[in-house]
Structure formats: C-alpha cells, structure tokens
Amino acid sequence: QVQLVESGGGLVQAGGSLRLSCTASGRTFRSGVTGWFRQAPGKERECVAAILLSGRSTYYADFVKARFTISRDNAKNTVYLQMNSLKPEDTAVYYCAAETGFYTFNVAPKSADFGSWGQGTQVTVSS
C-alpha cells in the first residue's frame with residue numbers, strides 16, 4: 001500500500017495563496033491517479049482536483065477551476081495543489097488520496113475510488 005503525507009496547509013487571508021504537497025512512499029506503480037479532496041465541518045468530503053500518474057489528464061471541480069492547479073513530479077513521488085485567490089469557503093481539511101490502476105475522469109472522482117489516504121492538512125482562509 002502507498003503511504004501519503006500532506007504538507008503546506010495553514011492560515012491565509014482571502015485572496016492569498018497556498019501550495020499543498022503530497023508525498024508518497026511505499027509501493028509505486030506504473031498507473032494510477034492521485035486526488036485532492038476536502039472536507040469542511042458538517043459537509044461531505046468532495047474532490048477538488050485529481051491527476052493521472054502520467055500527468056496527461058486532470059480533473060477540477062467547478063468551484064476551483066481557474067484558481068487551483070494540480071501537478072505532479074514523479075521523480076519526487078509528489079503531487080502539488082497550488083491554490084490561488086483563496087476564499088473563506090475554501091476553508092477545510094484537505095486530504096491527498098491515491099489509487100492504482102486504470103482511471104478516467106468520465107465522472108467526478110469519488111472518495112470510494114481511492115484506497116490510500118493521507119492524514120489531512122488544515123487550510124483556513126480568513127475574510
């Protein structure tokens with residue numbers, strides 16, 4: 001199984017930026033997908049963005065398009081989430097998740113699609 005460790009969360013004012021990192025260790029595979037999810041208090045966990053291992057295909061939730069960018073550096077086994085123009089409603093715990101094997105973005109990624117999860121990192125955006 002893959003172990004995932006997130007970093008980069010924190011407190012930022014509205015309009016600011018943060019970059020989250022997710023570093024994987026353990027077994028590595030030639031295919032798969034890594035996603036960033038978030039969960040705010042009292043709300044369901046939702047997918048923010050995801051990227052295939054190849055980096056050739058990405059997914060973004062409508063509410064983060066043009067503000068967030070997901071990327072990966074396979075040499076470092078790390079996936080990044082660059083978050084710009086942050087809003088108070090972006091406040092949540094952000095989780096990195098990974099799954100192996102063939103994956104497509106025909107529909108929005110779901111939590112149940114992913115078998116490996118990080119511990120989460122808090123992102124707080126003040127108004």
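This is a predicted model: local features need pLDDT of at least 70, side-chain atom pairs count only at pLDDT 80 or more; totals for chains, interfaces and linings use all residues.

Colleague: How many disulfides does the structure hold?
Modeller: One. Cys 22 pairs with Cys 96, and their sulfur atoms are 1.9 Å apart.

Colleague: Which hand does the link of Cys 22 and Cys 96 have?
Modeller: Left-handed, with -70° about the S-S bond.

Colleague: Are Cys 22 and Cys 96 buried or exposed?
Modeller: Both are buried.

Colleague: What about Cys 47?
Modeller: Cys 47 is in no disulfide. Its nearest cysteine sulfur belongs to Cys 96, 11 Å away. A disulfide needs the sulfurs within 2.5 Å.

Colleague: Is Cys 47 buried or exposed?
Modeller: Buried, because its relative accessibility is 7%.

Colleague: New topic. Where is Arg 67?
Modeller: In the loop between strand E6 (58-60) and strand E7 (68-73).

Colleague: Buried or exposed, that Arg 67?
Modeller: Arg 67 counts as buried, at 10% relative accessibility.

Colleague: Which backbone oxygen does the side chain of Arg 67 reach?
Modeller: That of Phe 63, at 2.8 Å. A polar atom of the Arg 67 side chain also lies 3.0 Å from the backbone oxygen of Ser 85.

Colleague: What else does Arg 67 touch?
Modeller: Leaving out residues up to four places away in sequence, its contacts include Gln 82, Met 83, Leu 86 and Asp 90.

Terms used:
Residues are numbered from 1 along each chain as its sequence is written. Side-chain values use heavy atoms; hydrogens and water are left out. Buried means under 20% relative accessible area, exposed over 50%, partly exposed in between (1.4 Å probe, protein chains only). Helices (H or I, at least four residues) and strands (E, at least two) are DSSP runs, numbered from the N terminus. A polar contact is a pair of N or O atoms within 3.5 Å; within protein, one must be able to donate a hydrogen and the other to accept it, and residues adjacent in sequence count only if both atoms are side-chain atoms. Contact means heavy atoms within 4.5 Å.
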